[in-house]
Amino acid sequence: GMTTTLIVLAATMGNRYGGLKQPESIGPNGETVLDYSIYDAIQAGFNRIIFVISRYFEDDFKELIARKYEKSVEVGFVYQEVDLVPAEKRNPKRTHLWGSAQAVIMGKDVVEGPFAVINAVNFYQRESFELLYKKLHELDAEKPEYIMISYRLANVIPESGGANRGICELDENGLLLSVIDRPGVERISGHPMYLNELNKWVQLPEDAHVSMNMWGFSPAIFGCIRKDFDAFIDRSGKDLKAFFTIPDFINGMIAHGEGEVMSYETPAVWMGCVSPDDKIQTILRINEMIRKGHYPARLF
């Protein structure tokens with residue numbers, strides 16, 4: 001049958017000095033958020049998983065994380081490194097990876113047909129993967145049309161403390177106009193708020209659409225990201241604090257009329273491990289889902 005590829009951005013799960021940061025276990029048999037995402041993706045129909053990782057923790061990642069998936073799905077690896085940018089274009093002190101947009105480019109030579117992209121650390125849930133899979137298969141691979149799965153803001157605010165959230169602006173047809181990263185979004189006296197540049201609290205609507213970095217692309221995207229990434233390096237390669245994220249790329253692409261992104265809303269309620277409170281809530285919710293037969297007690 002047809003191959004449907006999911007690219008998992010996992011290169012920031014470790015670094016060249018500390019090696020791999022093992023994800024926290026939240027399931028009854030030590031399962032992690034990533035385990036649930038891979039399981040959900042397979043259930044939704046994805047049959048090939050490509051991990052974008054770093055060579056610095058490659059062995060640990062393959063041994064401790066990816067090996068358990070290989071019986072259930074085709075698994076591959078590509079590598080994101082600082083030194084993929086020519087030495088003369090970057091700051092010699094640079095150790096941080098260049099951002100999630102570069103990570104996507106790494107999949108270029110291993111992907112045929114439309115593909116999906118997620119972060120390794122977000123718990124997206126089954127219905128989101130099912131929606132992504134369905135819409136991905138409706139994509140016209142010849143056109144620069146892409147998809148984003150959006151979440152309702154009310155569904156993605158942590159139990160305690162703030163979290164970065166990509167707040168989306170959509171037109172009346174559900175086409176994405178922009179994704180603006182708002183740091184420290186939290187509930188203040190019951191309302192979703194964030195601190196703006198002037199250190200003032202600004203209220204956000206409960207039903208604002210939020211990007212959790214869950215995308216569907218056709219391969220036409222690669223040339224466009226490559227071009228924009230190279231322009232970013234020419235501009236900012238020497239700046240140690242410069243990053244080029246998927247939202248940065250998407251915003252530029254939309255602004256220049258190079259592609260359209262349709263947003264589809266998932267009903268899923270976010271689960272996370274930002275704080276100990278979140279983690280407890282997540283563990284309780286997973287136990288409940290296992291009890292209802294939504295997940296097996298042991299995933300892999």
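Predicted model: local features only at pLDDT ≥ 70, side-chain atom pairs only at ≥ 80, totals over all residues.
Residues are numbered from 1 along each chain as its sequence is written. Local features require pLDDT of at least 70 and side-chain atom pairs pLDDT 80 or more, whereas totals for chains, interfaces and linings use all residues, and side-chain values rest on heavy atoms, with hydrogens and water left out.

Buried denotes under 20% relative accessible area, exposed over 50%, and partly exposed the range in between, for a 1.4 Å probe and protein chains only. Beyond its neighbours within four places in sequence, F51 is in contact (heavy atoms within 4.5 Å) with V8, L34, I38, F61, A66, Y69, V75, G76, F77 and V78.

The model contains 20 aromatic pairs, that is, rings of Phe, Tyr and Trp (its six-membered ring) with centres within 6.5 Å, classed as stacked for planes under 30 degrees apart, edge-to-face over 60 and tilted for the rest. Y39 and F300 form an edge-to-face pair, with 6.3 Å centre to centre and 80° between the planes. Because Y39 belongs to helix α1 (residues 33–44) and F300 to the segment after α7 (276–291), this pair ties together parts 261 residues apart in sequence; helices are DSSP runs of H or I with at least four residues, strands are E runs of at least two, and both are numbered from the N terminus. Y39 is buried at 14% relative accessibility, while F300 is partly exposed at 28%. The F57–F61 pair is tilted, since the ring centres are 6.2 Å apart and the planes lie at 50°. Both F57 and F61 are buried. One aromatic cluster consists of Y36, Y39, F51, F57, F61, Y69, F77, F123, Y295 and F300.

Charged groups also lie over rings (NZ of Lys or CZ of Arg within 6 Å of the ring centre and within 35 degrees of the ring normal). The charged end of R55 sits over the ring of Y79, 3.7 Å from its centre, and R94 lies over the face of F243 at 4.9 Å from the ring centre.

S263, in strand β13 (residues 260–265), is buried with a relative accessible area of 9%. Excluding residues up to four places away in sequence, S263 touches M148, S150, L170, G174 and H209.
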